[in-house]
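I opened the notebook to look up how the chains are built and how they meet. My entries follow.

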Amino acid sequence: MPVRPTGALGKGLLGIYLTALVLLPVAALLAKSSSGGTSAFWRAISSPEAVAAIKLTLIATAIVVVVNAVFGTLIAWMLVRDEFRGKGVVNSMIDLPFALPTIVAGVVLLALYGKDSPVGVNVAFTRVAVGVALLFVTLPFVVRSVQPVLHELDLSMEEAAASLGARSGTVLRRIVLPSLAPAIISGVALSFARAVGEFGSLVLITGNLPFKTEVGSVYIFGQIENDSLPAAAAVSVVLLAAALVVLGVLSLASRRLSRHVQ
Amino acid sequence: MSNSGQNTVTISPAPSGRLAQSAAGDAERAAERAARARRLTVRTIALGYLALLLLAPVAMIFYRTFEHGLAPVWDAIAAPNAQHAFWLSLEVVAIAVPLNTAFGIGMALLLERGHFRGKGLLGLLIDLPFAISPVVVGLSLVLVYGKTGWFGDWLSEQGIQIIFSVPGIVLATAFVSLPFVVRETIPVLRELGTDAEQAAETLGASGWQTFWRVTLPGIRWGVVYGVVLTTARALGEFGAVSIVSGRIEGQTQTLPLYVQDRFENFDSTGAYTAAVVLALLAMATLLLMNLLTRRTRGRMAT
C-alpha cells in the first residue's frame, strides 16, 4: 500500500485547517456582500468612487498584461536564445519581484521615480505610477511561463523554414509565436489575477487619490477603515469574480491553443 | 497533401564552381549577421527594460539607505519599534510556515494519491489564495473572527482575541502563503511514484514508517523549495496583515507595516533601512532557490 493521507484523523485535520482558514472566511465574504440583498449590492458597486476604482483597476491591468506579454516574451527569448556574460545573474534577478515584499517594491520604485528622484522623473501620485508598480510586481509571470516552452521548442523547424526561404518575420509569425502562445496566455492570466488584487506596492506610490489613482483594493481598504464592511465585501466580490473569470477563460484558451499546436 | 502542394518546394540545383560557393557563403554570412543583429536588438531592449524597472530602483534604495554612512542605519535598526517589528515578523513566520508545511504535505498526498469526488474542486480551492487580493483576505478573516464577525461573540466570551492581535496576523499570513508547499510537493510526489513505498510495505513497514523513511526523503527537495517560497511570502505579507493587525506600534506592527509607518512619518532612513533588511532577506531567498534548483537538476541528471 503506498502512503495515503493517513486515515480519518489526517483528513479531518486537513479539512478543519482548510475550513477555518479559507472556506469560512470566503463564505463570510459572500454572505456579507449579499447581506443587504441585490439592490444594496448593486448600490455598493455602482457608487461613483467604487466604479472609478474598479474601472482604473481593470484598465491599468489590461494595459499592464499586454506590456508584460511583449516584454516578458522578449526577455524569455533573450534568456534562452542569447549568450552573454552575466546572463545567469539576469536570470535569477527575474524572480526578485516575487521574493520582494510588496511594500518594499513600492518604496524601491519611489526611491527612483518619486519626488526625490535623482533622474528627475516623478510619477508619484499619478496613474502612471499604478502601471509601473503593477509592471514591477507581475514581471516574472510571462517570462517564467514562456522560458521553458522556448527551451523545448525545436530549433530545426525554424531552421527548415528559414532554409526554405522564409523571412525571419514569417518564421516568427508562423512558427515561434504560435508555439509560444499558450505559455504567453497562461502567463498573462496569472499576471492579470495578481494585478487586479495588488495592494502593497500601490499604497505609497499612488497616493490613493479617489477618482484619480485609487484602485479597487485600496478602495476596499478605505471602506474597511470606515467600517462599511458590506460595501467593502461587495467590491471584493467583483474583483475576485473578475480575477477568476479571466483566469478561467484564459486557461481554457491556453489549453485549446496548445492542443491545436500539437 | 496533394502533389501540386509538394511541387511548390523548389530545390535549387547544386551549386557548382567557386562563384556559386562564395555566393552561398555570402548568403550564409548575411543570414548570420541578421541573426546577430536580431539578438543584439532584443538583448538591448530586454536588458534596458529590466534595468529601468528592476535593477536601477533596487540599486537606488541601497544607495539611499547608506548615503549618510552606517551610523544612521545602525540607529534605525536599533530603534525599539523596528526591533519589535522584526522579531514579530519572525515569530509569525515561525508559526505560519510549519503549519502550512504540514498541511501542504498532507494535502499534496491527498490530491496526488487520493481518489475521491470533488478532487478537482479541492485543487482549485487550494489555489484560491493566488487569485484573491490580500486586502480581501484580511476582510474575509475579519468577517469570521472579528468583533462583529461570525464567531465574534463566542470568541469574546472565551476571552480569545484573534483580530488586532498575533493570531490574526498568523491566520492572514497562513492564508496568503497556503498553496506553495502543496504546489511544489505534488510534482515530486508524482515523480517519486509508489514502487519504493510498496516495497517498504511488503517488507512489513507500517504506514508511518514508510512515510518517514521512504516518502519524505523522496520528496524533501520539493518540500524545501515550497518552504522557501512560503517563508518569503510570509515574511513580506502586507495587505492582509495590515487589515487584521490594526497596525498597533510596538504590538502588532510587523516589519512590512513598519516600513509603511516610517515612510508616512517622513522618516526615510527608518523606512529605507527596514526595506533594505527585507530586500536582503528576499535576495537570500533567491539565492537559496537557485541552489535548490541546481541541486534538483543535478540529482535528476545522475
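Predicted model: local features only at pLDDT ≥ 70, side-chain atom pairs only at ≥ 80, totals over all residues.

Then I listed the partners.

Next I looked up the core. The largest nonpolar core holds 163 residues. A:Val107 is among those with the most contacts inside it, along with A:Ala133, A:Val235, B:Leu139 and B:Ala275. Helix H12 (residues 229-261) of chain A supplies the largest share of this core, 15 residues. Domain 1 (16-66) and domain 2 (70-301) of chain B both contribute residues, so the core lies between them.

Then I checked the interface. I found 73 residues of chain B in contact with 65 residues of chain A. On the chain B side, helix H2 (residues 17-66) gives the most, with 17 residues. I sorted that side by class and got 51 nonpolar, 15 polar and seven charged residues.

Last, I turned to chain B as a whole. I counted 14 helices and zero strands. Its radius of gyration is 28 Å, well over the 19 Å from the globule rule for 302 residues, so chain B is more spread out than a compact globule. Along the principal axes, its C-alpha atoms fill a box of roughly 95 × 65 × 40 Å. Buried residues make up 40% of the 302 in chain B. I also took contacts in chain B between residues at least 6 apart in sequence: 74% of these join residues at least 24 apart.

Definitions and conventions:
Residues numbered from 1 in each chain as written. Chains lettered and ligands numbered in written order. Contact = placed C-beta atoms within 7 Å. Helix = DSSP H or I, 4+ residues; strand = E, 2+ residues; numbered from the N terminus. Nonpolar A, V, L, I, M, F, W, Y, C, P; charged D, E, K, R; others polar. Rg over C-alpha atoms; globule rule 2.2 N^0.38 Å. Buried ≥ 20, exposed ≤ 12 C-beta atoms within 10 Å, placed from the backbone. Core = buried A, V, L, I, M, F, W, Y, C linked by C-beta atoms within 7 Å. Domains from an automatic or database assignment.
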